[in-house]
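Start with the helix, then move to the strands.

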Amino acid sequence: MKTGYLIDMDGVIYRENQLIPGVTDFIQALIAKGAPFLFLTNNSAPTPEDLAVRLRHLGITGLSSRHFYTSAMNTADFLSETDPGCTVFVIGEGGLLAALHERKIASDSIQPRYVVVGEGTTTMDRLTKAHECIEKGARLLATNPDNWCPVSSNKTRPGAGATAAFLEASSGRPAYYLGKPNGYMFHRARRKLADLTLGTPQQVVMIGDTMETDIRGAFEAGLQSYLVLSGSTKFEDIADYVYQPTRVLRSVAELTEEIITGTPADPLQDLVSNGNGFRFSKAGLRHQTDIFAFHKPRPRPAMTK
Ligand SMILES: [Mg+2]
């Protein structure tokens with residue numbers, strides 16, 4: 001069966017500008033076997049070209065801009081499909097501006113049809129201008145719902161969801177959130193994956209580290225979802241969610257063999273579900289890691305709304 005992969009980046013490919021061990025072999029295996037894949041990120045700040053360069057600096061070669069689909073591109077696709085010729089006032093960075101420009105969506109700070117909020121820093125002047133645009137009738141759109149994003153293992157930064165929440169509060173108007181877990185993100189990503197491969201993969205798997213975006217979105221889009229524990233989710237937290245991943249893996253390194261051989265890995269090597277959440281299989285117990293330590297981390301609010 002031809003499987004296509006949608007792959008989240010932060011927490012799956014790298015963390016804190018460091019590649020997660022085994023990622024290079026995993027990506028080279030995908031390329032060597034001709035497996036269709038697309039990196040799917042809620043970060044609307046970089047362009048796909050920026051992301052390809054970033055991965056090249058981390059030692060991953062053979063990628064180009066066509067391998068990336070960001071929430072900024074999703075927002076531009078959404079506007080050009082649903083309201084071609086519309087105008088926007090943007091709070092965001094290069095990746096968002098470039099994606100909108102590519103879809104010929106014009107900037108307008110006088111009477112835009114939409115205020116579009118993405119990742120990145122802004123100023124009170126820009127927020128005030130956006131607030132005034134919404135008061136005059138502009139609709140509020142955010143590239144992604146993440147209230148905060150990881151910077152390192154013990155540091156976060158405010159995300160686009162937090163900026164949009166500011167404008168929701170000041171204007172009293174609710175925002176519409178694109179990016180994961182919005183089904184439109186998965187719908188367009190699947191279409192791009194099919195275009196890349198000149199055919200629709202029989203099965204599409206989402207690989208991600210965040211339950212609220214990667215796993216929820218994949219579940220709602222009817223896709224298989226593989227949760228990796230190399231990022232923001234701890235093993236003991238999985239059972240807190242009503243939706244569950246199809247598989248739980250320590251990292252993408254566990255998939256490399258399976259991609260090379262074409263046969264699913266020995267299921268005993270996976271973390272398996274017993275119907276009440278996931279537990280380590282027998283084989284997994286032989287490879288205990290710190291994720292098996294059942295201490296609850298300090299509670300933190302959900303990553304997204
Ligand atoms: Mg992630």
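The buried residues of α1 pack against β1 (3-7), β3 (18-19), β4 (37-41) and α9 (256-261). Contact here means C-beta atoms, placed from the backbone, within 7 Å. Helices (H or I, at least four residues) and strands (E, at least two) are DSSP runs, numbered from the N terminus.

This is a predicted model: local features need pLDDT of at least 70, side-chain atom pairs count only at pLDDT 80 or more, and totals for chains, interfaces and linings use all residues. Residues are numbered from 1 along each chain as its sequence is written.

**Helix α1**

Helix α1 covers residues 23-33, and V23, F26, I27 and L30 are buried in it. A residue is buried with 20 or more other C-beta atoms within 10 Å of its own, exposed with 12 or fewer, and partly exposed in between. Viewed down the α1 axis, the buried residues fall within an arc of 90 degrees, so they line one face of the helix. The arc uses directions from the helix axis to the C-beta atoms. A32 and K33, on the other side of α1, are exposed. Just after α1, G34 has a positive phi of about 70 degrees.

**The sheet**

An open sheet of 5 strands runs in the order β7-β6-β8-β9-β12, with parallel pairing. Two strands pair if DSSP finds at least two bridges between them.

| Edge strand | Residues |
|---|---|
| β7 | residues 106-107 |
| β12 | residues 176-177 |

Each edge strand pairs on one side only. Strands β8 (residues 114-117) and β9 (residues 139-142) pair in the parallel sense over 4 bridges. V115 has L140 in β9 as its bridge partner.

Terms used:
Contact = placed C-beta atoms within 7 Å.
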